[in-house]
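Biologist: I'd like to learn how to read a model like this one. Could we go through it together?

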Amino acid sequence: MGQSLAAPAVARATTARSAGSQNPAPRPRRNWAHTRASGFALILVLLALWEASSRLGWVQGQSWPPFSAVLVAAWRGTLGGELSLPLLSTIGRMLAGYAIGCSLGVALGLLLGANRWIRWIVLPVVEMIRPIPIPAIVPPLILFLGIDDALKVFVVALASFFPALINTMAGVLGVDDVLLQTARTFRVGWSRTVLRVVLPATLPAIASGLRVAIGLALVVTVVAEMIAGSAGIGYYIVQMQYALRPDAMYAAVLCLAVTGYVLNRLFLIGEARLMPWMGRG
Amino acid sequence: MLNRRSLLQTGAALAVAGPARGAELERVRVSIIPINDVTPLFVAIERGFFRNEGLLVDTSPSAGGATGIPGLVAGSYDIAYGNVVSTLLAAQQGIELRVIAPGTKIQEARNDHSAIVVRRESGIRSGKDLEGKVVGVNTRNNVIWLYARAWIKATGGNPDRVTYKEIPHPQMEDAIRQKQVDAGYMVVPYVTLATAKPEFEKIAHPYSAVQLGVDVGQYLATASFVQSKPETVAKFVRALRRGIEWYNANLTNPDLLPIISGFTKIEVPLLKTLTLPPAPLVVEPAQMERTTQLMIEHRLLRKPVDVKALVAPMAL
Amino acid sequence: MSARLRLSNVRKVYGEGSPDAYLAFDSISLDVAPSEFVAVVGPSGCGKSTLLRIAAGLAPASAGEVELDGRSVSGPPPGVVYLFQQYAKSLFPWRTVIDNVMFPLEAAPRSERRSLRERCSEYLKQVGLAGFENKYPWQLSGGMQQRVAIARALAAEPRVLLLDEPFSAVDALTRMELQSLVLDLWRENRFTAVLVTHDVEEAVFLADRVAVLSHRPTTLSEVIEVGLPRPRDHIATREDKRFLELRHHLMEALLGRLAPVAA
Ligand SMILES: Nc1ncnc2c1ncn2[C@@H]1O[C@H](COP(=O)(O)OP(=O)(O)OP(=O)(O)O)[C@@H](O)[C@H]1O
Ligand SMILES: [Mg+2]
């Protein structure tokens, strides 16, 4: 009898709810498109100002080419490989360092989150090293790592390591006790709890750490390339600066901006794929 | 870029059949600064002089130029092109370096193209006029800074009453125009471009004014490399000297321009406007001694450096 | 008949030994027979959740003993499942509905997975969630989320189901639906149920017996036999004279001698 009372009510509740949840859905979408459009409009206005400031001589200087010249240089450089090859090599180095730094950061973050003693010992060291700016450590590092890929990969790994570590640790510490208790009441063992509960519960935090890291990784790779060695887009930027080819220099900067944007987008897409439950909110 | 260079090298190797052809070439890694100073090195590469000695020279440009000596010490490079002040500073710090070959030298005043540039209407003429003003240099505590100070002192100014602001060479022109600095010590090709415009004016050539004959830059190796591979070093210096001779004999040869453009990435039409200075065949320790004295005078060095020990015999 | 779940003189002190030690409750003894439905009512903060967690082996008692089928409980024993008050937090947001229900069964060998999955679908059907297998918890309403949590508890095939205010966070209508659902499941699956609530009507409507916890210092003040006929119905049962009497009595017990609100 209770069942018969419940069943139609469920059906009613369900239809009412799905209808209710579909109504507000298009609104954020429209808002999203709206902010997108005005964002692009703002960029277009800024670019138009850039073009005018150079063409009309508002900004005088041999290192201030019109934006159209930058676009042409970007087009040529991409097709000819002069720009695209260094960019690819930069991305390669970045991904290598990023992968190493993030793996170590996540692993250590899990450990620090899980064990109070390790946290007490390791955290002060981490907090001491973390604020050191990367450009400051590149020259002394050259003595140990040379000037080529090892140096850059190391520096990028170092830069990626900290956000991965800190976010992972915070994620582990923030796992809700109710989830752990749920695993306990179903008599799930320690290792399965770590694997099946703690790790997935920490994933969103890890992901946000990895996303911070990917932005940093690109910047740090380029900075390291600008300081040392003769490879990658960072070196290309400096080289074009010294060769008095500001159009090519800004073209490289433009490519970097696009790369950063694309990386972030790809990351978000991957995140949505891997963590569909993150779609709420 | 690396591909392009090795392509050029292969091309040169095919064009110039040398005795070492087909044999295993010894690889030498050289750190360079992509400026005209190292053109003879690239001439020697392009014309196969290194290949004839059995060497394969692999160049790594370092645009800032700050990583040459650290790279040498780390073993990333075998040889590095560096300026005399950096070399002397490193020597003072106890880094065992050897000057193995000449690079750049201001032999005659008319070949000294680097200059202190001001806005024409600024009225600045001498070091005295620069007191209380701001001078742009690429790097503080280095060669440009040193000779700027020395010139200011030589023309009646107190170099300590001048502010030195670090501006990268390519941005110096804009910095002077926008009055971020009152004067800028500019080098080729930037100085040539700037002073072609009526608003700018050269007021001095500090190198030749302070120390005609100054050895500005040289090729370096670590003492241990020179000791362990004397043959390699000797071959390198021999081939480089042939490059210098060819360069000096072909200063106005249009064939030079694509070579320079190849490693500086400066476009050929711009290079055509430059006058190329001849390169030295030997290093003069006496000139390096004078630089040492200047460095002591301007508190870059605490005590003299043993220049005689620093310069390897094959550089003389 | 011997007790399925027995609490003997259970006492809980938080922060024992420290200066701000806090006595949650003391000397609580209660026997629950197999397949019996017992409700525990008490004012907010009197220690209901704490008591239930101790019964589930999720928290240690400071003194006294918990026995399941005559065996002393020191950790979560097999066959006892605790249904959390905060169901929204106890579901795994990264798992679909069906995978949440599968959670207690995943230690089983791979070969059995298929049939277990079918069994989980069956439980989902029982709680009225057929067709929602592949949704995520956040795509469901609060009441539906609690149904998932119930289905997951059922999947563990408990001998004892401990329910901690399972309906306190849903609206009144949904609450009644869920109450009927739990009664149906209880009747079909024959588990022993201990349900903690501060809702007197809920306790009377569901339970065979109602245990009343007092205000602080908390202890068990009385245990009342309900004796209403089953199956129970939201309209008929709630109008039963016996229902109203019990409600009256329990309200008085819980509210104490509070003065009526002045007009
Ligand atoms: N971990 C803890 N440490 C210290 N005190 C606690 C802890 N957990 C609960 N308490 C205290 O014990 C008392 C009983 O808490 P409990 O959660 O069991 O009450 P409850 O009856 O379930 O309340 P509610 O009806 O609000 O759910 C409360 O006063 C609470 O403050
Ligand atoms: Mg509670």
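Predicted model: local features only at pLDDT ≥ 70, side-chain atom pairs only at ≥ 80, totals over all residues.

Biologist: How many bridges join β3(B) to strand β10 (residues 215-222) of chain B, and do they run parallel or antiparallel?

Modeller: There are 4 bridges between β3(B) and β10(B), and the two strands run antiparallel. Strands pair here if DSSP finds at least two bridges between them; helices (H or I, at least four residues) and strands (E, at least two) are DSSP runs, numbered from the N terminus. In that pairing, Asn83(B) stands opposite Gly217(B).

Modeller: Residues are numbered from 1 along each chain as its sequence is written, chains are lettered from A and ligands numbered from 1 in the order in which they are written, and side-chain values use heavy atoms, leaving out hydrogens and water.

Biologist: What pLDDT does chain B average?

Modeller: The average is 89, and 91% of the residues score at least 70; pLDDT is the predictor's confidence in each residue, from 0 to 100. Over residues 1-20 of chain B, however, the pLDDT is below 50.

Biologist: Which residues lie on each side of β3(B)?

Modeller: In a regular strand the side chains alternate between the two faces of the sheet. Here Ile79(B), Tyr81(B) and Asn83(B) are on one side, with Ala80(B) and Gly82(B) on the other. All 5 of the 5 residues of β3 (residues 79-83) are buried, so the strand is largely enclosed by the rest of the structure. Buried means under 20% relative accessible area, exposed over 50%, partly exposed in between (1.4 Å probe, protein chains only).

Biologist: At what angle do helix α2 (residues 39-46) and helix α12 (residues 230-249) of chain B pack?

Modeller: Two packed helices are described by the angle between their axes and the distance between the axes. For this pair, the angle is about 105° and the axes are 8 Å apart. They are therefore roughly perpendicular to each other, a label for angles of 65 to 115 degrees (under 35 is roughly parallel, over 145 roughly antiparallel, the rest oblique).

Biologist: How many residues of helix α13 (residues 256-264) of chain B are buried?

Modeller: 7 of its 9 residues are buried, including Leu256(B) and Phe263(B). After α13(B) comes Lys265(B), with a positive phi near 65°.

How values were computed
Contact = heavy atoms within 4.5 Å. Axes fitted to C-alpha atoms, helices over the stretch in contact; angles between N-to-C directions.
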